[in-house]
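Me: I have a new structure to go through. Can we take it step by step?
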Amino acid sequence: MFGRPSTHERSFLDCPRDKAEILAQALPYIRKFHGKTMVIKYGGNAMTDPELQADFAEDVVLLKLVGMNPVVVHGGGPQIETALKRLGKKGEFIQGMRVTDSETMEVVEWVLAGEVQQDIVGLINQAGGKAVGLTGRDGGLIRAKKLKLLDNKDPNLEHDVGQVGDIVAIDPSVVKALQDDAFIPVISPIGFGEENESYNINADVVASKLASVLQAEKLVLLTNIPGVLDKAGKLLTELTSREIDDLIEDGTISGGMLPKLAGAIDAAKSGVNAVHIVDGRVPHAMLLEILTDQAYGTMIRSY
């Protein structure tokens, strides 16, 4: 059922012949995806390791140069945590959600929309691209409301996590305008509410919703894991939403992978042709997953 060979089954670029084979494999994919939108959630080790950062920027630029339209949505949890520690403030989490009071929200905004976003924009520009940074405020991109976080065990209990947002609507006009002018949008997951208040939104959720609204060809989620694993720890290179439901039911998939997969399934069911959960610790894994037959993660389809 799972036809694509994984990285464990074949080493990459052992010799010049392998390099030529990879290039030959890429051509039909370049033809197929020319003009298509690729939404990429950038996070994990790929975002903190300098060599992997450079690899990522080069991959994004290459996708643009061969005629695709990459859109980057980034996280920044570790960077936010570091900034809070410098201010003597300890991060607090409830059910995996960062409690975001007004002071923490200020830190989130200047870390994500300032430090992290500008680093990514700079790296892409340095690699030969034309990147532009956006937050949900720009062009009315992400309208949000306060997230209602119900207790996992008692649905009658609601947790107050402060300025954590739930997406109300996405207006992709500014993203499309930038794409039409050959720019690469780099989006911080910050939305705004009816009273002009800011909201911190999960980057996986923003990427999944944006991919659906843009009717993207692919949604790529860069993570710190190889992909979805079976009970024996083997990479499952291809899954359908029905197979994922079965894996959740039997306990194979649990914990932090659940919300990531929920967004992936929603995107696949909303018209995104394929969702890829990719191991961001592997150099150029995103490019190899999209443009070759090799599997560097798990590909999810709605059917």
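Me: Where is Gly77 found?
Reply: Gly77 is found in helix α3. Keep in mind that this is a predicted model.

Me: Is Gly77 buried, partly exposed or exposed?
Reply: Gly77 is partly exposed, because its relative accessible area is 33%. Buried would need a value under 20%, and exposed one over 50%.

Me: Where does Gly76 lie?
Reply: Gly76 lies in the loop between β2 (69-74) and α3 (77-86). Gly76 is buried, with a relative accessible area of 8%.

Me: Leaving aside neighbours within four places in sequence, which residues is Gly76 in contact with?
Reply: Gly76 is in contact with Met47 and Leu112.

Me: Which residues does the UniProt annotation "binding site" cover?
Reply: The unreviewed UniProt entry lists Gly76, Gly77, Arg98 and Asn200 as "binding site". They span 125 residues in sequence, but no two of their C-alpha atoms are more than 12.0 Å apart, so they gather at one spot.

Me: New topic. How many aromatic pairs does the structure hold?
Reply: There are two aromatic pairs. One of them joins Tyr42 and Phe56: the ring centres are 3.8 Å apart and the planes are at 5 degrees, so this pair is stacked.

Me: Which parts does that pair tie together?
Reply: Tyr42 lies in strand β1 (residues 37-42) and Phe56 in helix α2 (residues 50-65), so the pair links parts 14 residues apart in sequence.

Me: And is Tyr42 buried or exposed?
Reply: Tyr42 is buried, at 2% relative accessible area. Phe56 is buried too, at 4%.

Me: What sits over the ring of Phe183?
Reply: The charged end of Lys130 does, 4.6 Å from the ring centre.

Me: Now salt bridges. How many?
Reply: The count comes to six salt bridges. One of them is between the side chains of Lys41 and Asp204, at 3.5 Å from N to O. Lys41 lies in strand β1 and Asp204 in helix α6 (residues 203-213), so the pair ties together parts that are 163 residues apart in sequence.

Me: Is Lys41 buried or exposed?
Reply: Lys41 is buried, with a relative accessible area of 10%. Asp204 is also buried, at 13%.

Me: What about Lys146, which residue does it form a salt bridge with?
Reply: Lys146 pairs with Asp160, and their closest N and O atoms are 2.7 Å apart. Lys146 counts as partly exposed at 38% relative accessibility, while Asp160 counts as exposed at 54%.

Me: Last one. Which residues are linked in a network of salt bridges?
Reply: Lys89, Asp101 and Glu103 are linked that way. Between Lys89 and Glu103, the closest N and O atoms are 3.4 Å apart.

Note on methods: Residues numbered from 1 in each chain as written. Predicted model: local features only at pLDDT ≥ 70, side-chain atom pairs only at ≥ 80, totals over all residues. Heavy atoms only, no water. UniProt positions renumbered as here; feature names shortened; annotations may be inferred. Helix = DSSP H or I, 4+ residues; strand = E, 2+ residues; numbered from the N terminus. Buried < 20%, exposed > 50% of the residue type's maximum accessible area, 1.4 Å probe, protein only. Contact = heavy atoms within 4.5 Å. Phe/Tyr/Trp six-rings, centres within 6.5 Å; stacked < 30°, edge-to-face > 60°. Lys NZ or Arg CZ within 6 Å of the ring centre and 35° of its normal. Salt bridge = Lys/Arg side-chain N within 4 Å of Asp/Glu carboxyl O.
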